[in-house]
Amino acid sequence: MKHPLQARRPPGRWALLSLLAATWWLAAPPAAAQDTPAPQISAPPEAPAAAPAAPQADGAPQADGAPQADGAPQADGAPQADPGAATDGAPQADGAGAPPPAAVAAAAGARAERAPARRDRPGATSSRAAPSKKRRGDINPCMTPDPGWGVYDRWSRAPSIGQMIMPHKGGVTKRGGFDVLIHFHGHEALRKEFVKTAEGAVLVGIDLGIGSGAYSSAFSAPYVFENLLDSIERAVAKKTGKKKAYVRKLGLSAWSAGYGAIEQILRQPAGKRVDALVLLDSLHAGYADERQRTLKAAQLEPFIAFARRAAAGEAFMFMSHSSILPPGYASTAETATFIVKQLRGKPRSSSRRDVLGLDMIQRFDRGDFHVRGYTGNDKPDHCAHLGLMADVMRVHINPRWKTPKGRR
């Protein structure tokens, strides 16, 4: 019997339409904008391309406007998946598809009118116009060229939820230890960046739908994440022949709505195992007082606690934010600034061009906690944050984890 969270997947032919719906998540408040009690531990049910320019050492790569990679299609000739698509390209069990194009276009237009760029709201770091096509190197950040798979094999459906890629060979210690990064929302776009610099860590990609509520609900019961880790270990054991394969270093990452899953996981016992946390334009919260722009601090508690650990050098945390201003709930700029203030810090101004047309305007660094703030208030700017993952892996996570080398 299929796991209940794997039962429904939209058809691959609707990948582009799913992207349009997923990336324009501004239509409705995320789950964080509502008051929800902290999850309680419960038992499972009976059944249950040019290459970018050399990045700088602070973890946000530069961009010189050249095209990325070689743009070669995947080996099987299938169209590339899109960052926000809530799918892995497999058809749903019941054959249901994505919203019709007209509905997606109409919804996007309505949302654009409801959320104009402004500088008079806290967290509105910039209202600068989106970079020109030339400035982005003639690349659509929401559909970047595929650099290939490096030392990794293609996606496997071995995990209890989502998909995973492993090195063809290697990536495991003699005792069976391996490192894994679990990414929520936009798994295929993230994979394109991950394989550029990852040296052997396993990548698990999970797409569950539009809005953070789908992720929050899916991981509200602790056994879901625990079962996921168990299934990953079994898959690595089977591939490597090491019967006692185990997760050595664990990282979580999210883009856009994916933070909903991470909030739940960090509140659970298994959340204590997390060593690295990466949020790519991916943390929102509700307002306790929208007029005063007062955030609901309780919703950010697990992220604040993790930031304190990272600032003390006990973990690693990277946050990026755009200047998008969503209606009715806090932007990623506001949540990032709020967390920095809890550490009694203050972002400092910065001016640098980064990957896929991103323009950095502020930053904060303390210990192993890093925040990068960018201009941009449109869909391509939102997608461009996925391009930061290649350098986050190269500059920060690879040296921290010292993952055994993978090879073809």
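Guide: A nonpolar core is a set of buried Ala, Val, Leu, Ile, Met, Phe, Trp, Tyr and Cys residues joined through side-chain atoms within 4.5 Å. Buried means under 20% relative accessible area, with a 1.4 Å probe and protein chains only. This is a predicted model: local features need pLDDT of at least 70, side-chain atom pairs count only at pLDDT 80 or more, and totals for chains, interfaces and linings use all residues. Residues are numbered from 1 along each chain as its sequence is written, and side-chain values use heavy atoms, leaving out hydrogens and water.

Visitor: Which residues touch the most other members of the largest nonpolar core?

Guide: Ile 182, Phe 184, Phe 219, Phe 225, Leu 279 and Phe 369, in a core of 62 residues. Helix H5 (residues 222-240) gives the most to this core, 9 residues. Helices here are DSSP runs of H or I, at least four residues; strands are runs of E, at least two; both are numbered from the N terminus.

Visitor: What does Ile 182 touch?

Guide: Contact means heavy atoms within 4.5 Å. Leaving out residues up to four places away in sequence, the partners of Ile 182 include Phe 225, Leu 228, Leu 229 and Ser 253. A second, separate core has 34 residues, among them Ala 189 and Met 389.

Visitor: Is Ser 253 buried or exposed?

Guide: Buried, with a relative accessible area of 0%. Ser 253 is in strand S5. Beyond its neighbours within four places in sequence, its contacts include Ile 182, Phe 184, Ile 262 and Met 389.

Visitor: How many residues of H6 are buried?

Guide: 8 of 8. They include Gly 260, Ala 261 and Gln 264. The buried residues of H6 pack against strand S3 (177-184), helix H4 (212-218), H5, strand S5 (246-255), strand S6 (274-280) and H7.

Visitor: What describes two packed helices?

Guide: The angle between their axes and the distance between the axes. Axes are lines fitted to C-alpha atoms, for helices over the stretch in contact; angles run from 0 to 180 degrees between N-to-C directions. Here, the axes of H6 (residues 259-266) and H7 (residues 297-311) come within 9 Å and cross at roughly 75°. That makes H6 roughly perpendicular to H7, a label for 65 to 115 degrees.

Visitor: Which residues make the contact?

Guide: Tyr 259, Ile 262, Glu 263 and Leu 266 of H6, with Gln 299, Pro 302, Phe 303 and Phe 306 of H7.

Visitor: What does the whole protein look like in secondary structure?

Guide: 10 helices and 13 strands. Of its 408 residues, 58% are buried.

How values were computed:
Parallel < 35°, antiparallel > 145°, perpendicular 65-115°, else oblique. Buried < 20%, exposed > 50% of the residue type's maximum accessible area, 1.4 Å probe, protein only.
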